[in-house]
Amino acid sequence: MSGGTVDPAAFRQALGHHPTGVALISSTHADGEPVGLIVGTFTSVSLDPPLVGFLPTRDSASFAAIRKSGRFTVNILAHDQEHLCRALSRPADKRFEGLQWSPSSNGSPVLPDVVCSIDCSLEACTPAGDHYFVTGLVESLEIHRPVAPLLFFQGGFGGFVPGSFVAPSDAIVAESVQAVQYIRDGMQRLAHAAHGEVTAYAKVTDHAVAVATVAGPDVPTSTILGSKWPLTPPFGEVFLIGAPEAETEQWMNRARTAGEELLRISQERLDHAHKHGWAGSYAGDTRDTLLFPALTEYGVDGVTPAKQREIQEMLRAAGEDLRPVDLDPEKQYEGASLVAPIRNRHGRCELMLRLCQIPPVSGARIEVLADELCRLTREAEKSAFQV
Ligand SMILES: Cc1cc2nc3c(=O)[nH]c(=O)nc-3n(C[C@H](O)[C@H](O)[C@H](O)COP(=O)(O)O)c2cc1C
């Protein structure tokens, strides 16, 4: 049946703005082999009697098998289980390959570490356009891990961040602003000596927020205080110096979704930053006129999967320009930007200094400026955090 006067693409696009949870509906074939499908249509239906529902496509072979079994278990996936969702989106015969599971009270697969599992007997299966509306009578349920669920929105995966999380972020910014007070004179001196701009950025969840900036004489300030850009790979590697492994892993996972080339560049930049203790970028034009304005806008409007794709496309196009560079002391570098981390008393980097807007200079001079920048970050660490 055709969709009346509604264009299917417009339908999908508009409905994609509605977020959904992600659940695995599982059961077993008569021979005990697992069967299941990922749905974004799982919903609670009724309290008395306790009913839940979901909508499989009418041509789903996996649902046909579930229907035959007359029972199923709903596995609510957690925010850190995108990899499971991807595995379970493979062709039906490979879906459970390499996955661990244990049988629920009705024998259907329950995956490890899901948020909760709900065991049901199949109650009704009502045709609804090209889908069925399936209801299940809940027979038992168990919360395994009360963490944020995996969400699907605008064709991408994400998690839920409660609004009240803004409060600790404010605390981080306040602490960072205080730390920068100690090195304000030093920042000013460096900005003068380098004929550039020195800006301090605080790490607030997965964004860098400009908290202080000073510029040398006749250097136009390009940074708006409070502006933020997302720490989207390959950027933000400096914040990972001294970070717990899980944080680095999270950043690398984000790099993975950006494709092979950006993954390689991100790893190279991370290695480079670890080796030198600071990072430099010399793709002034691409970075300042194209990437940074787009990233800043992305930081203001919020991170949505659609915007993320747009930025990743831009980063992919920038490709080579983002590779870390081994400086040649004799060569002139245009549009250099140097960043160095400031570690807090826990050894974590939640603040960094960036020197930019400098005129073309030699590789040897950049090394000197980077030394100065690192001296300044150490001064901040000593004065503010007694590190
Ligand atoms: C996030 C997400 C949500 C999905 N939601 C549904 C859904 O609600 N209903 C559905 O039939 N398929 C949904 N699918 C697709 C199924 O997981 C599955 O690939 C498709 O139904 C084919 O299944 P089959 O191999 O059993 O025929 C979704 C896939 C993803 C990744």
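This is a predicted model: local features need pLDDT of at least 70, side-chain atom pairs count only at pLDDT 80 or more; totals for chains, interfaces and linings use all residues.
Good morning. I shall begin with the ligand. There are 15 residues around it, and those that come nearest are Ile38, Thr41, Leu55, Thr57 and Ser62. Sorted by class, this shell has 8 nonpolar residues, 6 polar residues and 1 charged residue.

Which elements supply at least two residues each to the shell around the ligand? They are strand 3, residues 34-39, and helix 2, residues 61-69. Strand 3 gives the largest share of the shell, with 3 residues.

A backbone N or O atom of Ile38 lies 2.7 Å from an oxygen atom of the ligand. Thr57 has a polar backbone atom that is likewise 2.7 Å from a ligand oxygen. For Ala61, the distance from a polar backbone atom to an oxygen atom of the ligand is 3.2 Å. As for cover, the ligand taken alone exposes 620 Å², and the protein buries 75% of that area.

The ligand takes up the second largest pocket. The volume of this pocket is about 1,400 Å³. Its lining comprises 33 residues, and Phe11, Arg12, Thr41, Asp130 and His131 are the closest to its centre.

Helix 1 spans residues 8-15, and it is joined by strand 3 and by strand 11, residues 151-153, in supplying at least two residues each to the lining. By class, the lining of the pocket has 17 nonpolar, 13 polar and 3 charged residues.

Finally, I would draw your attention to the backbone itself. Where does the model place Pro49? This proline is in the loop between strand 4, residues 43-46, and strand 5, residues 51-54. The peptide bond leading from Asp48 to Pro49 is cis, with omega near 5°.

A cis peptide bond also joins Pro233 and Pro234, where omega is about 10°. Pro234 belongs to the loop between strand 15, residues 228-230, and helix 6, residues 245-256.

The last point concerns His195, a residue other than glycine whose phi is positive, near 55°. His195 lies in the loop that runs between helix 5, residues 184-194, and strand 13, residues 197-204.

Thank you for your attention.

Technical notes
Residues are numbered from 1 along each chain as its sequence is written. Side-chain values use heavy atoms; hydrogens and water are left out. A residue is near a molecule or strand if one of its heavy atoms lies within 4 Å of it. A polar contact is a pair of N or O atoms within 3.5 Å; within protein, one must be able to donate a hydrogen and the other to accept it, and residues adjacent in sequence count only if both atoms are side-chain atoms. Accessible areas come from the Shrake-Rupley method with a 1.4 Å probe; for residues, only the protein chains shown count as cover. On a 1 Å grid over the protein atoms alone, a cavity is a set of points where a 1.4 Å probe fits but cannot get out, and a pocket is an open set with protein on both sides within 12 Å along at least five of seven lines; lining residues have an atom within 4 Å of a point. A molecule sits in a cavity or pocket if more than half of its atoms lie within 2 Å of its grid points. Helices (H or I, at least four residues) and strands (E, at least two) are DSSP runs, numbered from the N terminus. Ala, Val, Leu, Ile, Met, Phe, Trp, Tyr, Cys and Pro count as nonpolar, Asp, Glu, Lys and Arg as charged, and the others, Gly among them, as polar. Grid points are joined across faces, edges and corners, and a volume is the space filled by probe spheres set on the points.
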